[in-house]
Amino acid sequence: MALAGCGMLLGLALHFGSLRGASGAPSLYHDYCIIGAGPSGLQAAYFLQRAGRDYVVFERSHAPGSFFALYPRHRKLISINKRYTGKSNSEFNLRHDWNSLLSHDRRLLFRRYSRDFFPDADAMVRYLEDFASLLKLRVQYNTAVVHVMLERDSQAWNGHYFLLTDQDRQNYKCSSLLVATGTWVPNVVNFPGSEYVEGYETVSINPEDFAGQTVLILGRGNSAFETAENILGVTNFIHMVSRSRVRLSWATHYVGDLRAINNGLLDTYQLKSLDGLLEGDLEDLAIVKDKKGKLHITLRFYLENRNTSAGIDSITLPQDELDNFATRAPYDRVIRCLGWKFDFSIYNRSLGLMAGKGNKKKYPQIKPSYESKGTRGLFVIGTASHSVDFRKSAGGFIHGFRYTTRAVHRLLENRHHGVPWPSTVYPITQLTNSIIKRVNEASGLYQMFGVLADIILLRENATTFEYLEEYPVGVLAELEGQTGRKAPNGLFVVIMEYGRNFSGADKDVFYYNRAVGEAQHAWQSNFLHPVIYYYKRLPKESCFLFAFTRQKLPPFCRQGYMRMQGLVGSERLRHHAVEAGLLEDYTLTDFLGDRPPDSHEGSQDHLLRDHAIPVHPLQHLVTAKDEL
Amino acid sequence: MSARKDRWVFSFFFLLFCASSIRMQGSARLLQELSPQEYFSSLQAGRASLAYFSHNVSPGAQPFLEQIENSAEALQDYGISVVKVNCPKEDVSRYCGEENALRKAYLFRGNMLIREFPTDALFDVDSIVANVLFALLFNEVKYVETLADLQNIENALKGRSNMVFAYVPATGTAEHRAVMEAAFVYGTVHQFVLTTEATLLKDTGNDESDVLSARLLFCHCQQATDLAQPCRRTAMGQTLTMLNIHRHLKLMGAPLVTEVAEDPEKVSTVHLQLGLPLVFILSQKETYEADRRTAEFVAWQLLGKAGVALLSRDLVDLNILLRSNVALKTPDEGEPVKYLVLEDTDEVITLVEDKNKVEQIQEDEEENEEDEDEKENNNQDVQDDQVVEAVSRDKKRELPLEQILVLTEETFHSALLETARTVVLFYASWEAVSLAVLRSYTEVADHLKGTRGILLSRVNCWDWPGVCTKENVTQFPTMKIYEKGGRSVMYNGMWGTEELTSFIMLNQVSCPLRLATIDEAEGYLRGEFPPELSSYHHTSLLGVFSTATSEAREAFEEAGNLLSGHVMMGMYFEDDALALSRKYAVSPPALLLARSRGQSVEGIALSKESVQDMVQIIRYELLDVFPEITVQNLPRYLQLRKPFLIFFSDGDLGQMESKEMLKLAKERPQQAFVACWLNLKKTPVGRGVLKAYFATMPSLPVLIWVNLHAGGHVFKFPSELSITEMNILSWLEKLKAGLEIPSSTLSEEDWKPPLPAYDFLQMMEMAVPEPPLRTSHRHRDVPQQHPPESSGGDTGVQEEPPQDSKAEKVGSPGRDLRGTAPRLAAREKQGKRHSEL
């Protein structure tokens, strides 16, 4: 009886839900809507929450980070979790922590979640759950946004509202939309016989299932190699096909390329252990299944010319004509590991959310400010925003987009709430110090090299300056509008870059003399190095001497000493400076003064002169005024 | 700078390349092919032509014909046409018929035959041009074989014109051609004399080892008056090329000494235009004659290396030290003129020649490169910042930091709760100033050892950036004192041990300290109250307020907050305040100032009541009447922006001087200058000040008047006068009236970066590989095809910079990892060869 009642209630609730949706009940409003409670969605939620904004996160699953609950299939994350650096500097340590999100809560550091250098994906799922719950982020689970459209309204922040519809036809209205859905739609290639191909999403991860089999893997990314790595030891052999050559991340500095941890197959390939790598366009491929269930590779070209009614025997295989066709042996399995793309399907055409071009077509088109090119107020964050720095920097990965997400939040704070980009004002004497400090420890500059830059805005008379951290350098031109800070007196841009010609798929990155050591060769640095687009030196010297011997004081004296903040130093340090020839030691002449008082004055004068400057008997040149 | 020059030269070469490539296209047409009749009828009077007669081209004559074709273009620049005369088969006339004619070339002027050349004398373009010009310029270029011939010519020229004497090892060489080409241009101005006899060169006093190479000497015969003496000679240092000769002659033609009467920054002479420095001898009316002689003497020494100008200071208003006697202007644009005090003409010459030496080193690319590297390394071994260098030299020493508590992000807040006052030094361990201050801080810890209620601690912001950001640390280092209750004060003074200690000490008591009884107030003025500070020497300030003057009291309290730690301030406003004010003859609100332990108490009436005014009054009153200037206290007196009257004393003040100076200072409390003294024993840098004022150390003690804020003139009190109030006052009167001449004037120069900045953009530009066409042409074409007309300009003459090698120099990374240098050098050479192939 009780059971029946329960069922009734559930039915009622469901019925009520659908009714409300159908009747077009008033949509729920939030200033900010975030689609997706993955790492970037939660990261954005954190900043909005801290700023006290009205926001909501929609997550179709019952828990955050649903992608990580499934992927990577073999559960090993390739983002490093370096627990020890020998430093206590929390900012610096983030440089080597690729999994944590940014927060003030020290409990939410990933090293507390896994001891592994390459952690298990389950740890990430646990971490994201904790991140959402410990920080009390407002995530609405089990809500799949199925449609997004615009509602024009001149009162709205951006001239329109975003109307979101979920699977229950509930509508939500938002002023600003943050798309944090990542890329989760598997890339599929269609060719004759592609129905025989297993997807990475569903392929068995038990190596035993592959024992004694011959496997063809389509794709050459980390997922393909990860799959190969898993079954390497039990298969007859593995072949891998993809259009492009393999790109090794240690040669390209790009963490999305093949990581050394997955490259076991390269080893066996180069050490002649049956496995093979092939280059070819998957679009030209065709697979035919023979009677024994073996899969044969052929070319679409042959298939198109054949008699359709005939059986498998009539199909020409390349090896019929070509003696040494590489994939002549039939395969037991073909696995597709071609990566993912952005889900464009839920966006109404009016949003103009277009796919990128060329190798960025898996990402939506956005500006360097992460705003959609087609719709104002729609920001793409997280992995889906990687088109900004695809194959360059780390914007497609947690350790990169945690910073770009913060940058997006800062842009929004300025645009909608009049909160200018956070900045610190320093006295000009701290110019080099503030740069060195950041270059030493900043993690955002370090991870998002070439994308985020620190900006130094000189105030009037250059006695003070403002320091802005991690601004997207792609929109440098719009700095004043985007940050609410003024730059009338020039600015420095501090950014990290790799040497231009150092890395690349074909380059020898271990060549002799790859490091430079001296200042004048700094520009040739191959490794990640700071680049400052304008540099001004502030020397320090004896202000006391200058105060009395020059009409104008050098700038550092005007700023420090004259404001009674000079450095006095110890006797020992002064001694060092004298040794280096930087400071004159006037105490040395003291021995003259220490002479017994009864010594003849004239002889003392003489000595003094002799000591001071050797006098040459050339009178013309010494102007007469000295006799004064 | 040199980079800019290179770029300039490069574009110049590029122009040349364009010009020459156009010429090359046209060269086919420059060689005329005519029949004998056409040729002889085309000859114009006065026009020279080089003709070659041929029936048909015999294979043996082919290379010669090519050379003659190539030289057609070069010769055309000198108005000489080159003609190939095709003899008809049956022709047996004078030139066509002769058997040997076919192995000869004929030079005609008009229709007169000047010379026949055997074809083997015309082996390449250089030899053709050299020989043809040699024949044509028979009068302009005398060929001599013996010393007697040379002397005869020289004697004949004395008083009339100058002579250019050139030695070439053989005729028909490139050097020979260069001399002839120069003679073509300058032959009417100077007499050219050529020899191939090396002995002649030896006899001219050039007994250097490399006599075998070609040389050129300019003989100044025009000014020679003494017939018995040989003419003065100036040898050309560079190799004999058209450009170098042209440049040398241009320099020889310039006046020996240029007299200028304008700002050296604006002066430009042929020397500067040719990339040579210009030396100014600074003269004045009184010493004009001597200076002129000096200038001429120097000019002769520097002839061909630098220009010399005589600058009359009386005519130009120069803001430079009176002692300066020489100025040096380099051709580098934007580099300011350097003013120097030199003792000797030798110094002037080494000044210039050293510079040349440096340039020469840069010219000889390969062998000397390593030396140069060393030089660079040496520079880089020493940081240009005193503090950074000193700290880095001291880095191996471990600091005695045991007494200073290390705080972390975790322990910071709890530590603040433990002691009444926690002093925290926020610093960055990578920063030099922080480390220097840390050293002083350990000394502070020594001083304060055992003081109760004070905990000294430090936070390394490199380790704990979070807490530093939270505590608003925007500078390194920052010192803050946290009171248990939560209040904190930030230190903003000198980073000396004494100042830091005093700040920490004074912060122990509240500021201003409220005194409750009249006894306390009296004790306070005597320095006995509060007991915490009784052992500590300081000046005390007491504000006396009546109950009616609460506004002034509030301002005083506010001022106390601002001055906390820097000034000892007390406050008394009980009912019996009047008794106190009566005792010291002030009416409240008033300040009582007790210097040196209440020996004397000064009363100061308070009229202004704003906080800022109050702070200013207190700061002003704390200044001494006749202070000893030290490094630490100078800024306070500089802020008054008044002239300084400084008594430099080697040791303590003499009683007499002390008395007189004090009188001078005291009797004019509102006077317009700061009277002070400086103990050279305590402040040895004072010697540096004196050395800057006078070239030599004056005898001590010495009294100096210096107006730092207007004019920067330095005056020295006459040492024969005794230091008395009267003498000083009358001297000051004279100064005011402008009757005294300043000993020196302080430089008003703007501060520029001490070292040139690395122009990375320029380096990158240079390292970009050039299109191979351009470089190869540049090297081949420049020496040969430079048209003499265009070299008449001043800018066209520069040494060829080894541009490629420069580019490679910056282009090769990591050359500086010491220890691997030899290997690296080998690599580099290899690279160079490679690029040459």
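Rings of Phe, Tyr and Trp (the last by its six-membered ring) are taken to pair if their centres lie within 6.5 Å, with planes under 30 degrees apart counted as stacked, over 60 as edge-to-face and the rest as tilted. By this rule, 41 aromatic pairs are counted over all chains. The model is predicted, so that local features need pLDDT of at least 70 and side-chain atom pairs count only at pLDDT 80 or more, while totals for chains, interfaces and linings use all residues. Residues are numbered from 1 along each chain as its sequence is written, chains are lettered from A in the order in which they are written, and side-chain values use heavy atoms, without hydrogens and water.

One of the aromatic pairs is formed by Phe67(A) and Trp340(A), an edge-to-face arrangement with 5.3 Å centre to centre and 75° between the planes. The two residues are 273 residues apart and link distant parts of the chain, Phe67(A) lying in helix 3 (residues 66–70) and Trp340(A) in strand 15 (residues 340–341) of chain A. Helices (H or I, at least four residues) and strands (E, at least two) are DSSP runs, numbered from the N terminus. Phe67(A) is partly exposed, at a relative accessible area of 30%, whereas Trp340(A) is buried at 14%; buried denotes under 20% relative accessible area, exposed over 50% and partly exposed in between (1.4 Å probe, protein chains only).

Ring pairs also join Tyr46(A), Phe47(A), Phe110(A), Tyr113(A), Tyr127(A) and Phe131(A) into a cluster. Phe47(A) belongs to helix 2 of chain A, where it takes part in the contact with helix 11 of chain A. The axes of helix 2 (residues 39–50) and helix 11 (residues 398–417) of chain A come within 9 Å and cross at roughly 35°; axes are lines fitted to C-alpha atoms over the stretch in contact, and angles run from 0 to 180 degrees between N-to-C directions. The crossing is right-handed, that is, the near helix is turned clockwise from the far one by less than a right angle. Contact, defined as heavy atoms within 4.5 Å, involves Pro39(A), Ser40(A), Gln43(A), Ala44(A) and Leu48(A) in helix 2 of chain A as well, and on helix 11 of chain A Ile398(A), Phe401(A), Arg402(A), Thr405(A), Arg406(A) and His409(A).

Charges over rings are assigned if NZ of Lys or CZ of Arg is within 6 Å of the ring centre and within 35 degrees of the ring normal. Arg60(A) lies over the face of Trp184(A) at 4.2 Å from the ring centre, and Arg232(B) over that of Trp300(B) at 3.9 Å.

Most residues other than glycine have a negative phi, and most peptide bonds are trans. The bond from Tyr71(A) to Pro72(A) is cis, with omega near -10°, and Pro72(A) is placed in the loop between helix 3 and helix 4 (90–93) of chain A. The bond from Leu700(B) to Pro701(B) is likewise cis, with omega near -5°. His253(A), not a glycine, has a positive phi of about 65°; His253(A) is located in the loop between helix 7 (249–252) and helix 8 (264–270) of chain A and is buried, at 18% relative accessible area. Glu470(A) also has a positive phi, of about 55°, but lies in strand 19 (residues 464–472) of chain A and is buried at 2% relative accessibility.
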